[in-house]
Amino acid sequence: MASDAAPAAIPEEVSSLWKSLDPAVRAALIESESNAAAAAASPAAKAGLQGRRAKASTGPRMDDDTSTLIGGGSFAKREANPGWIKVRGDVYDAVKGRRDEELEKKVPVDISVTMPDGNVISEDKEGVKYQAWRTTPFDVAATISRGLADSASVARVTYASYVSDYNLSEDGMDAADTLADAMADLDLDEGEDKSKMTALWDMTRPLVGPVAKMEFLKFQDDPDARTVFWHSSAHILGEALERLYGSRLTIGPPLAGGFYYDSYMGDASSNGQFNEDDYKPVEAEVAKIVKQKQKFERLVVTKEEALEMFAGNPFKEQIISTKVPDGTRTTVYRCGDLVDLCRGPHVPHTGRIKAFAATRHSATNWLGDTDNDSLQRMYGISFPDKKMLKTWKENQEKAKERDHRRIAQKQGLVMFHELSAGSAFWLPHGARIYNKLIDFIKGHYWKRGYDEIITPNVYNLDLWHQSGHAMHYKDAMFCFDVEGKEWAMKPMNCPGHCLMFGGQIRSYRDLPIRYADFGTLHRNELSGALSGLTRVRRFQQDDAHIFCREDQIESEVLGALDFMSSVYTTFGMTYKLELSTRPKKALGDKELWDRAEAALARAMDTFAGKGGWKENPGDGAFYGPKIDIKVMDAMERVHQCATVQLDFQLPIRFELQYNTGSKDKGNEFARPIIVHRAMLGSVERMFAVLCEHYGGKWPFWLSPRQVMVIPIHKDWNDYCQGVRDKLHAEGFYADVDLSKATFQKKVRSAQIEQYNFQLVVGAEEVKNGTVNIRTRDNKVEGEKKVDDLIGYLKELQAEYK
């Protein structure tokens, strides 16, 4: 099933639109920056290995000399303001002249603009009529207030219609998004209507028809505005790199929290590699660009014009040659000296970027393939306010302290080894937490009517052809030969569960059937994308599939939501619900989709109340609608771990059916509907999320170090050992410190190691059969009989405290 174990930084399904994010600015920044920083700091990333999947050819057994290098002599050495910048600008000016001539032939016609509140505006404050080809969103915003116009990053425009002389192809709007792959995890929300009538629109770009709805998006309030803001910032970074070093730019997309630009800087002999000494010059150059308030200018170009404009940059030439079909048009943007191949949109001018910082650098490869040219990547962050940058830097320090990689190493929970990259070695104390999480979910399974099953780890690839996964997912699977046939380790459980359901005749009375499986899964992730426990190759999910009748959808979904709520309330986390409905490329009967979506909506109304959830029209999976559950941790970061998805397609692919009990001809059998659901998602990723959520201060029920018994003097060692053994016999993780360290050091060490309780024992405690209790926060709770203590600890365990 689709789950969080699919790319967190890279999505499971690459799409051409950018997916909007819901978190607060700070939250999105901290998580994205923390994960990306660790990936950038890894040996694989520094060696430029992020494009490598594990395969036979990556081992030491054979050489591979089929590299595809295109950079050539396009970059020989660092050079400030190289001459090709002016040549490109001259081509741009010539093309712009031709487009201006086309624009002069367009007929301005009066238009109106409808605001989200229903107010219709058709003229500015001076009484000048709005016109297509002339009026911009900035003009409309200025009619309302100049402050709104100056603060909006971008507009979301839904057209009622286009004027007769507007053509999408002529305007470059039918062109492929050349950054789609790099920005797939952002998928900008182009509004409730995902048709071409709705688009994110530059504030300074003339409108091309009457507007049914216009929204002005600000950085502070809207994830799409932040994405546009950071995309524009990437262009500014690119301009600085060209000016300072003559970098040959490749791609520069925004991220969930920031942006980067990849540059070709030659080979090792060119001395073009970035280092930290480059940060200040880049920041100073960006400051100059910002001060100049350079306008972002959109220009439509033909394929031939684009190739002429970017002649000498083999990377841009390859993008144009492969992404832009012959005879079509695409778009470029200019700001200052920079001209970049780009779909847009962008902020009005560079002066909107009030605060900028270069944050880190790493090596990468063209198109993410290590057989290709080595590139230099520089990351950055920017804001419309300097105070926001200061806050961001403070949050980065906090995030470093809570980073699960740091905590797991410090507490001896997990280790990794290059001989099994992307697969965690769970040390004894880490395994305690891992198993507790699994037991926690299994306890819910028992109470909620799930049946645990065990399925194979390897299958003939024919299974994945039947399920449809092989066509789109094979590159991310570990495949191998078995007696001349192709087999693979399973990356998900659902096809195997379908085989089990179809293994015997089913009656409507048997449904719902709830299969739960903690089977081990493997996904062949790119090596550079591996990041601690949030992106791994080996993992387990609390994966379950519910086979139900259509009339059971609502109750089963309601049960899954109650399950989810109980889990995350226990963790001390809050959540938001979003219903993603039928996409354009949906498969199956529309009436079934409509009924299923209505059932989901009723379940969500019952669970969260009307208005307690959000709808994402057109954002469902092709096989069925889904409920996205976004969970907030202690640092207000958003995680998508739990999921509830309906599936109409797998039952068809596997020809699953049940006896309806009907005597009517043709209605004797019906297909079940599958509810894919996970609460934790992958146990590995949830471990990482909880590690950072708790900051390594595990609650007692989940703690791998619950009790440390500490004698004040060695005379009480035997008593302390006895207390420890009694606690251990009751199932608690208890240790005793019989070392020669001082009493104060023993207490402090136990607190640093995050033992929830230290049980101090002296002569009085031995005499009374008691222990003196301290918490890891050094709060003294006093003396308690050992049996009473055990009862108290059992209460904490039972109440998940």
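Select Tyr261 first: at 1% relative accessibility, Tyr261 counts as buried, because the cut-off for that word is under 20%. The model on screen is a predicted one. Tyr261 sits in strand β8. Show side chains and look for Asp340, whose side chain makes a polar contact with the side chain of Tyr261 at 2.4 Å.

**Strand β8 and its partner**

Stay on β8 and select Asp262. Asp262 forms a salt bridge with Arg377, with 2.7 Å between the closest N and O atoms. Asp262 is in strand β8 (residues 258-264) and Arg377 is in strand β13 (residues 374-383), so the bridge ties together parts that are 115 residues apart in sequence. Both Asp262 and Arg377 are buried.

For another aromatic stop, select Trp133, Tyr159, Tyr162, Tyr166 and Trp201, which form one aromatic cluster.

**Ser247 and the end of α6**

Next, go to Ser247, in the loop between α6 (223-245) and β6 (248-249). Is Ser247 buried or exposed? With a relative accessible area of 0%, Ser247 is buried. Leaving aside neighbours within four places in sequence, Ser247 is in contact with Phe75, Trp84, Leu241, Glu242, Ser263, Tyr264 and Met265. Pick Leu241 from that list: its backbone oxygen lies 3.4 Å from a polar atom of the side chain of Ser247.

Now pick Glu242, another of the residues in contact with Ser247. Glu242 forms a salt bridge with Arg88, the closest N and O atoms being 2.7 Å apart. This bridge joins distant parts of the chain: Glu242 is in helix α6 and Arg88 is in helix α3 (residues 84-104), 154 residues apart. Glu242 is buried at a relative accessible area of 2%, and Arg88 is buried at 6%.

**Other salt bridges**

The structure holds 49 salt bridges. A group to select together is Arg98, Arg99, Glu102, Glu305 and Arg329, which are linked in a network of salt bridges.

Move on to Glu684 and Arg538, whose side chains meet in a salt bridge of 3.1 Å, N to O. Glu684 lies in helix α19 (residues 683-694) and Arg538 in strand β22 (residues 538-548), so the pair ties together parts that are 146 residues apart in sequence. How do the relative accessibilities of the two residues come out? Glu684, at 0% relative accessibility, counts as buried, whereas Arg538, at 21%, counts as partly exposed.

**Along α19**

How many of the residues of α19 are buried? The helix is mostly covered, with 12 of its 12 residues buried. Among them are Arg685, Met686, Glu692 and His693. After α19 comes Gly695, whose phi is positive, near 65°.

Leaving out residues up to four places away in sequence, Tyr568 touches Met573, Tyr575, Val631, Cys641, Ala642, Met679, Leu680 and Met686. The largest nonpolar core has 65 residues, and Tyr568, Phe571 and Ile627 are those with the most contacts inside it. A second, separate core has 62 residues and includes Tyr261, Tyr264, Ile353 and Phe383.

That brings the tour back to Tyr261 in strand β8. Tyr264, listed in the second core, is also in contact with Ser247.

Methods: Residues numbered from 1 in each chain as written. Predicted model: local features only at pLDDT ≥ 70, side-chain atom pairs only at ≥ 80, totals over all residues. Heavy atoms only, no water. Helix = DSSP H or I, 4+ residues; strand = E, 2+ residues; numbered from the N terminus. Buried < 20%, exposed > 50% of the residue type's maximum accessible area, 1.4 Å probe, protein only. Polar contact = N/O pair within 3.5 Å; in protein donor to acceptor, adjacent residues only side chain to side chain. Contact = heavy atoms within 4.5 Å. Salt bridge = Lys/Arg side-chain N within 4 Å of Asp/Glu carboxyl O. Core = buried A, V, L, I, M, F, W, Y, C linked by side-chain atoms within 4.5 Å. Phe/Tyr/Trp six-rings, centres within 6.5 Å; stacked < 30°, edge-to-face > 60°.
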